[in-house]
Amino acid sequence: MITLLVFTLCSVVCAAADAFSLPNVNATFSKSPKAFNIHVDRNFIDETRQRAAHSRAPVFIGATGEGPSSENFTAVRDYWANEYDWNKTEASINKKFKQFTTIVEPVIEKKTYPVPLHFVHHRSSRKDAIPLLFIHGWPGSFLEVGNIIDGLTNPPNRSVPAFHVVAPSIPGFGFSPAPQHPGFGPVETSHAFNALMNQLGYDKYVIQGGDFGGVILRFQAHNFPKNVVSALSNFWIIQPGENDIRKLSEGLATPDEVTYIKVLETYINQASGYRILQETQPLTAAFALSDSPLGNAMWIYALMAEVIDPSIMAWTPEEIITWSMMYYIQGPYGGLRFYREVGNDGALEGPDFGTLPLVEVPVAISQFPYDITYRMPLDWAQRGGNVIKRNVHEHGGHFAAYEVPGLLLQDIWEWFGNKELSGTKAFGR
C-alpha cells in the first residue's frame, strides 16, 4: 500500500533525481543550475545520417496541398546525406547560447515533483534589467530566441528596457527530458517554469511566448499573478462563439472579425490534421517518426512551411534538419503528445481551441499575417483577460522571434517599457 502511494505521488515525472537522463546526450541534472554544452553521441549522429540517406520516398502522384513536395524531400535528404554537419551545428549552438540544466521542484496540488529542465540564461549588464521568461512551442524550440536574445539583453540605448532572458525547453522538447508518465501538460509546465524563475532568484518577471508558449503563459499568469508581472503573447487565441458565427452569417461582423474567423476556420478545416493526430494518437505517429529522421523532419516542415511569410524567408535544408533534431535526438514522442496534455488541460477541444484561464495581469498581443491569430479584435482578446494593447503587423508569421525579430523586439520594448500600462513599475527600476 505504501509503495503504491509513493508511486502515485511521483507518477508524473521520474521519482528520483539520479534517474534523470537524456537519450543520446551527455547530460546530468541536479538540484541547482549547472553549465551545460550539448554533446550528442556521435554513433547516434552517424546512424541518423545513414537513416536519412536511405530514406524511402512515397510514390508521388503530383497531388498538391497534401504535405511537402518531392523536391522538398529530395533536397533535405541529399543535404543531410552529403553536406549537413552536426558537429558544426552543435558547436554553433554551444557558442551562441549560455545553457544550463537543473532540477526544479514545483509544488502541484500540495505535492512536490522533481522536474529536470534544460534552459538558456543570458543576463544583461544593465542594473535595471527586467527578468523575462521566453517560452517556445511546437515545432520550435529554445533556438527561436536566438535572433532576439542580444537585442533583449543589450538593447541599442537606454530609452528601451533591457532584460535578463531565461528560455527553457518544455519537458519533452530540445534537451529537457520528456515526462515518464502521462499528466504533465501546460498546467504542470507553468508550475515548473515558475519554480525555475524562482530558483534563479527572479521572484517577479515578465513572459513572452508564442504557440505553446502563448498557452503556457496564460496558465502561468493565472496561477502565479504575484510572480508574473506582465506578458506579451504572439499567440493569444480565442475560439469564436455561436453569436460570433451568427453575426458573420448575417453580415454583421466587422472586417477584423471576418478575417479572423476565416483564417481560423481555414486552419481547423484544412491544415490541422497533424494536431488532431498528435492530440488523439501521438504514439501512433511516434512509432514512425522515431524510426525515420527524414520522416520526422518532413512532419514538422509541413507546418513550418505554411506559417512563415514567404516574402521574408524560406526554410533552408540546414534549418529544417536542425529544428527537427531538437525532437529527434531524444525522440519525438514527448513533443508530439504534449498536444494531448494541452487538450486534457482544456486548451483544445477536438478540432477547436478550448477555454484558457482568465489572465488578470496586463497583457499585450502581437499579430502577424501568417499566423492564425491574425486580426483577432482587441475586444475578443479581452474575453481571455486583461489585454490592453494589440499590435497588428503587415509582415511575419508564426515564429515571430525567429522570422521578424526586429518587429517583435519593438513590441517587447514598447510594451514592457511602458511601466504604467504593462505594470513593470513593480520592478522599481
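Which helices each supply at least two residues of the lining of the largest pocket? They are α7 (212-223), α9 (255-271), α10 (273-280), α12 (293-304) and α14 (333-344).

## Basis of the model

This is a predicted model: local features need pLDDT of at least 70, side-chain atom pairs count only at pLDDT 80 or more, and totals for chains, interfaces and linings use all residues. Residues are numbered from 1 along each chain as its sequence is written, and side-chain values use heavy atoms, without hydrogens and water.

Helices (H or I, at least four residues) and strands (E, at least two) are DSSP runs, numbered from the N terminus.

## The largest pocket

The largest pocket holds about 970 Å³ of space. Its lining has 38 residues. Nearest the centre lie Tyr267, Ala271, Tyr274, Leu303 and Glu306. By class, the lining splits into 25 nonpolar, eight polar and five charged residues. Here Ala, Val, Leu, Ile, Met, Phe, Trp, Tyr, Cys and Pro count as nonpolar, Asp, Glu, Lys and Arg as charged, and the others, Gly among them, as polar.

A pocket is an open set of points on a 1 Å grid over the protein atoms alone, where a 1.4 Å probe fits, with protein on both sides within 12 Å along at least five of seven lines; lining residues have an atom within 4 Å of a point. Grid points are joined across faces, edges and corners, and the volume is the space filled by probe spheres set on the points.

## Salt bridges

The count comes to 15 salt bridges, each a side-chain nitrogen of Lys or Arg within 4 Å of a carboxyl oxygen of Asp or Glu. Burial classes use relative accessible area: buried under 20%, exposed over 50%, partly exposed in between (1.4 Å probe, protein chains only).

Arg158 pairs with Asp128, with the closest N and O atoms 3.7 Å apart. This pair links distant parts of the chain, 30 residues apart: Arg158 sits in the loop between α5 (149-153) and β7 (163-168), Asp128 in the loop between β5 (115-122) and β6 (130-135). Arg158 is exposed at 61%. Asp128 is partly exposed at 23%.

Asp244 and Arg383 meet at 2.8 Å, N to O. They are 139 residues apart, with Asp244 in helix α8 (residues 242-249) and Arg383 in the loop between α15 (378-381) and β13 (385-392). Asp244 is buried at 6%, whereas Arg383 is partly exposed at 43%. Elsewhere, Glu47, Arg51 and Asp291 are linked in a network of salt bridges.

## Helix α14

Glu341 and Arg337 both lie in helix α14, four residues apart, about one turn of the helix. Their salt bridge has its closest N and O atoms 2.6 Å apart. Glu341 is buried at 3%, and Arg337 is buried at 15%.

Tyr333 also lies in helix α14. It is partly exposed, at 33%. With Leu283 and Phe287, Tyr333 forms a nonpolar surface patch of about 310 Å² accessible area together. Such a patch is made of residues with over 30% relative accessible area and no salt bridge, joined when nonpolar side chains (Val, Leu, Ile, Met, Phe, Trp, Tyr) are within 5 Å. Areas come from the Shrake-Rupley method with a 1.4 Å probe, and only the protein chains shown count as cover for residues.

## Backbone features

The peptide bond from Trp138 to Pro139 is cis, with omega near 5°. Pro139 is in the loop between β6 and α5.

Glu109 is not a glycine, although its phi is positive, about 50°. Glu109 lies in the loop between β3 (107-108) and β4 (111-112) and is exposed at 72%. Lys110 lies in the loop between β3 and β4. Its phi is near 70°, a positive value in a residue other than glycine. Lys110 is exposed at 79%.

Technical notes. Patch = residues over 30% accessible without salt bridge, like charges linked within 9 Å, V, L, I, M, F, W, Y side chains within 5 Å.
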